Amino acid sequence: MSDDQHIPAPLRLFNSLTRTIEPFVPIEDHHARVYSCGPTVYNYAHIGNLRAYVFTDTLRRTLLWKGLAVTHIINITDVGHLTSDADAGDDKMEAAARASAKSIWDIAAHYTDAFKQNIADLNILSPSEWTVATDYVPQMIAFAERIAPDHCYELDSGLYFDSSSVPDYGALAGGRDDAAHGRIDPVAGKRNPSDFAIWRKSPPGEKRQMEWDSPWGKGAPGWHLECSVMSQAQLGHPFDIHTGGIDHREIHHPNEIAQNQAFHSCCGDPGAAAAGFTGARWWMHNNFLVDRQGKMSKSKGGFTTLFSLVDAGVHPLAYRLLCLGAHYRSELEFSADNLAAALTRLKRLVMGVEGLKARAEGVTWQSPRLDYLRANLHPKLVPLLEQFDAAIADDLMTPRALPLLEEATAMKKVPVDEKLCLIGAFDQALGLNLLTLSRADLRVQPKDAQITPEEIEAELERRTAARAEKDFALSDEIRDALIARGVEVMDGDPLRWDWRLTLG
């Protein structure tokens, strides 16, 4: 292999601002700063929401793979996000509190904990810091005060941002006039259809559970203001990468950019008023998870959560693998068949790694750094390393990287420890926990199981005894009874049994 083939592939990422793939160079040497729009904690996250965090985690792991330190912030929105992402309707948190007759603070705490459990179950790295919107209200008021004289105007309902006061408003979305698509709340008195709320006043005679005093009256901050303030407080402006779902590209992120331009222009930064200043250098968005069965619509009351997949007997990492099987900028179809296929693929990967571990006396893997791996890997494995590096460096092309795991596992005439070393390194970028996960871990008991694992083991022991006595009729009777109760009996397999899953 020639020396130029050993040069690490340069990291190239798609920038929604320019709609092109560009070489990524962090603002600070060897350090990337990343901000991700987090959940509004009024309900459980559905699996479409969670795709965004699998994508962001893959981005973070790729930055680490490339030897960069990463500061990553995820926010928790517990106030300000309206029932429509188009800046319309009631506050989601206040609406949830009214519907449940519970404290809005209790609702926020419950669903925040649930979201963090989802993050842990998907093996998503915890952020450097979680920022909670209500902790930053004083900074939001100060931010709004700074931009109000030149960029905002007051109506009876609140303080609004004049979108015509900054250059190229809406460039991220690909256009300026959001009103043509009916996406912005039509409020009487707005100067421009695309103007949005910076501060929403509490309606006269109405007591909100979350409201604060401000120069514009008692009320609450607008959703868009929160991310501008929290990203600046934690990462400074400009920072490297801002992530979110593709739906944020149309309204939320253009409004953030407008606020960022206004704030830094008012702070005396002569370049901030230019369209080129956006707060982040890269804006990155994952595409939708498409559910043909319609289970992910929260508005219809029947959406699919990660908890519901686990209740069906699906290990959470099967969903992560499903996400990795498609490029983050492509639509990903969710179906029972696709999920079952991902679970089967995960089981095969785990079986392959378990087989290698059983043959290995020790694992020498220490670091995912490419220079270490190249210096220590068996020559037959180095091409796989180069292909993997090229795949994830090419705008996180995980569908091209995943088959290299299977190829590394199956490769002949290579020391087992060397293969485990490479697989462990790959998995640092993919996050599937392959070196620690076991087949038994993947055997998730469905919520509606008709029998316990202890009862299954007892029946299998009784069946073993029957077979030893050549009572094959009883052996078949026990097997058929287990099958009828949702258990797959696997003769000759060390695992002995698994759940027969019915998805869909």
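## Terms and model

A polar contact is a pair of N or O atoms within 3.5 Å; within protein, one must be able to donate a hydrogen and the other to accept it, and residues adjacent in sequence count only if both atoms are side-chain atoms. This is a predicted model, in which local features need pLDDT of at least 70, side-chain atom pairs count only at pLDDT 80 or more, and totals for chains, interfaces and linings use all residues. Residues are numbered from 1 along each chain as its sequence is written, and side-chain values use heavy atoms, with hydrogens and water left out.

Contact here means heavy atoms within 4.5 Å. Where pLDDT is low, the predicted coordinates should not be read in detail.

H315 sits in the loop between α7 (306-311) and α8 (316-324). Helices are DSSP runs of H or I, at least four residues; strands are runs of E, at least two; both are numbered from the N terminus. H315 counts as buried because its relative accessibility is 12%. The cut-offs are under 20% relative accessible area for buried, over 50% for exposed, and in between for partly exposed (1.4 Å probe, protein chains only).

A polar atom of the H315 side chain lies 3.1 Å from the backbone nitrogen of L317. Leaving out residues up to four places away in sequence, H315 touches L343, L437, D441, L442 and V444.

## The loop between α13 and α14

S438 lies in the loop between α13 (416-430) and α14 (453-468). S438 has a relative accessible area of 19%, so it is buried. Beyond neighbours within four places in sequence, S438 is in contact with V350 and E354.

N433 is found in the loop between α13 and α14. N433 is not a glycine, yet its phi is positive, about 60°. Its relative accessibility is 30%, so N433 counts as partly exposed.

G352 belongs to helix α9 (residues 336-359). At 21% relative accessibility, G352 is partly exposed. G352 and A410 are 58 residues apart along the chain, and their C-alpha atoms are separated by 7.8 Å.

T62 is in helix α1. The relative accessible area of T62 is 1%, so this residue is buried. T62 touches L11, I392 and L396, not counting residues up to four places away in sequence. T62 and A429 are 367 residues apart in sequence, but 5.7 Å apart from C-alpha to C-alpha.

## The cavity

A search of the whole structure finds 1 cavity of 30 Å³ or more. The largest cavity has a volume of about 90 Å³. On a 1 Å grid over the protein atoms alone, a cavity is a set of points where a 1.4 Å probe fits but cannot get out; lining residues have an atom within 4 Å of a point. Grid points are joined across faces, edges and corners, and the volume is the space filled by probe spheres set on the points.

The lining of the largest cavity consists of R51, V54, F55, T58, C323, L324, A326, Y328, L396 and T398. The largest share, 4 residues, comes from α1. By class, the lining has 7 nonpolar, 2 polar and 1 charged residues. Ala, Val, Leu, Ile, Met, Phe, Trp, Tyr, Cys and Pro count as nonpolar, Asp, Glu, Lys and Arg as charged, and the others, Gly among them, as polar.

## Backbone features

Most residues other than glycine have a negative phi, and most peptide bonds are trans. L396 has a positive phi, near 60°. L396 lies in the loop between α11 (382-393) and α12 (398-410). With a relative accessible area of 2%, L396 is buried. The peptide bond from H237 to P238 is cis, with omega near 0°. P238 is in the loop between α5 (223-235) and β12 (239-245).

Helix α2 (residues 92-100) has K92, M93, E94, A96 and A97 as its buried residues. D91 caps the N-terminal end of α2, with a side-chain oxygen 2.7 Å from the backbone nitrogen of M93. A101 follows α2 and has a positive phi, near 60°.

Notes. On a 1 Å grid over the protein atoms alone, a cavity is a set of points where a 1.4 Å probe fits but cannot get out, and a pocket is an open set with protein on both sides within 12 Å along at least five of seven lines; lining residues have an atom within 4 Å of a point.
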